[in-house]
Amino acid sequence: MSKEAKLSTIKDENERKKEYLWGYRKHGKKISRISSEIEEIRSMLLYPALKNDGIPHGSNQSDLSDYAAKLTEKEEALYLEGVEQVKAHKDIDYRINQLENEDERDVLFYRYIKGKRWWEIAELMGYSERHITRIHGNALEHLELPKDVLECPIKM
């Protein structure tokens, strides 16, 4: 395998690892969106005669039952997404903690679990941003993921 091909393979593998690690935060974003949708539905249930235009409108029982069904559906989706987030956190945390180097564990934890920016991590750890990104690269290299994760196509 040529040097360019090896570098490309490593880059692809690192992208898959990053996507996997961001999985926990993605669940959090979905939970926030579903929660917002639930709040919107609840406000429509509380004030069924007002639509977003501020003008009173007629309402009937079927509208309320439609909203109640939507609310139940969204609450179920919220619960399931929460379960998926807990599973993702547990697995990602386990894999991060398998790293031997404490700085590598810290960088991955702050970046992917806490969602910190590079400069924030650098400040927390007392290093330059450049050094943090170097540690991050080493951490990705040392991070071991299941074979099925590494072989799945990258989602863009």
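**First stop: Phe109**

Select Phe109. At 29% relative accessibility, Phe109 counts as partly exposed. The scale behind that label runs as follows: buried is under 20% relative accessible area, exposed is over 50%, and partly exposed lies in between (1.4 Å probe, protein chains only).

Before going on, note that this is a predicted model: local features need pLDDT of at least 70, side-chain atom pairs count only at pLDDT 80 or more, and totals for chains, interfaces and linings use all residues. Residues are numbered from 1 along each chain as its sequence is written, and side-chain values use heavy atoms, with hydrogens and water left out.

**The whole chain**

Now show everything as a cartoon. How many helices and strands are there in the protein? There are six helices and zero strands. Helices (H or I, at least four residues) and strands (E, at least two) are DSSP runs, numbered from the N terminus. Of the 156 residues, 26% count as buried. Contact means heavy atoms within 4.5 Å. Take the contacts with a separation of 6 or more: residues 24 or more positions apart account for 67% of them.

**Aromatic pairs**

A search of the whole structure finds two aromatic pairs. Rings of Phe, Tyr and Trp (its six-membered ring) pair if their centres lie within 6.5 Å; planes under 30 degrees apart count as stacked, over 60 as edge-to-face and the rest as tilted.

Select Trp22 and Tyr112. They form an edge-to-face pair, 4.8 Å centre to centre, with 70° between the planes. Trp22 lies in helix H1 (residues 3–46) and Tyr112 in helix H3 (residues 102–113), so the pair ties together parts that are 90 residues apart in sequence. Trp22 counts as partly exposed, at 27% relative accessibility. Tyr112 is buried, with a relative accessible area of 1%.

Tyr110 counts as partly exposed, at 22% relative accessibility.

Select Ile34, in helix H1. Ile34 is buried, with a relative accessible area of 7%. Which residues is Ile34 in contact with, leaving aside its neighbours within four places in sequence? They are Lys74, Ala77, Leu78 and Glu81.

Move to Glu81, in helix H2 (residues 61–97). Leaving aside neighbours within four places in sequence, Glu81 is in contact with His27, Lys30, Ile31 and Ile34. Glu81 is buried yet has no salt bridge. A salt bridge is a side-chain nitrogen of Lys or Arg within 4 Å of a carboxyl oxygen of Asp or Glu. For Glu81, the nearest side chain of opposite charge is Lys30, 4.4 Å away. Lys and Arg count as positive and Asp and Glu as negative; His and the chain ends are not counted.

Next, select Glu40, found in helix H1. Glu40 is partly exposed, with a relative accessible area of 34%. Its C-alpha atom is separated by 9.4 Å from that of Leu71, 31 residues apart along the chain.

**Salt bridges**

The whole structure holds eight salt bridges. Select Lys17 and Glu13: their closest N and O atoms are 3.3 Å apart. Both lie in helix H1, four residues apart, about one turn of the helix. Lys17 is buried, with a relative accessible area of 2%. Glu13 counts as partly exposed, at 31%.

Select Glu84 and Lys87 in helix H2, three residues apart. Their salt bridge has its closest N and O atoms 3.4 Å apart. Salt bridges that share partners also join Arg33, Glu37 and Lys74 into one network.

Select helix H4 (residues 118–125). Its buried residues are Ile121, Ala122 and Met125. They cover an arc of only 100° around the axis, which puts them on the same side of H4. The arc is that of the directions from the helix axis to the C-beta atoms. What covers these residues includes H3 and H5. Gly126 follows H4, with a positive phi, near 75°.

Last, select H5 (residues 129–142). Its buried residues are Ile132, Ile135, His136, Ala139 and Leu140. Seen down the axis, these fall within an arc of 140°, so they line one face of H5. On the face turned away from the buried side, look for the exposed residues Arg130 and Glu141.
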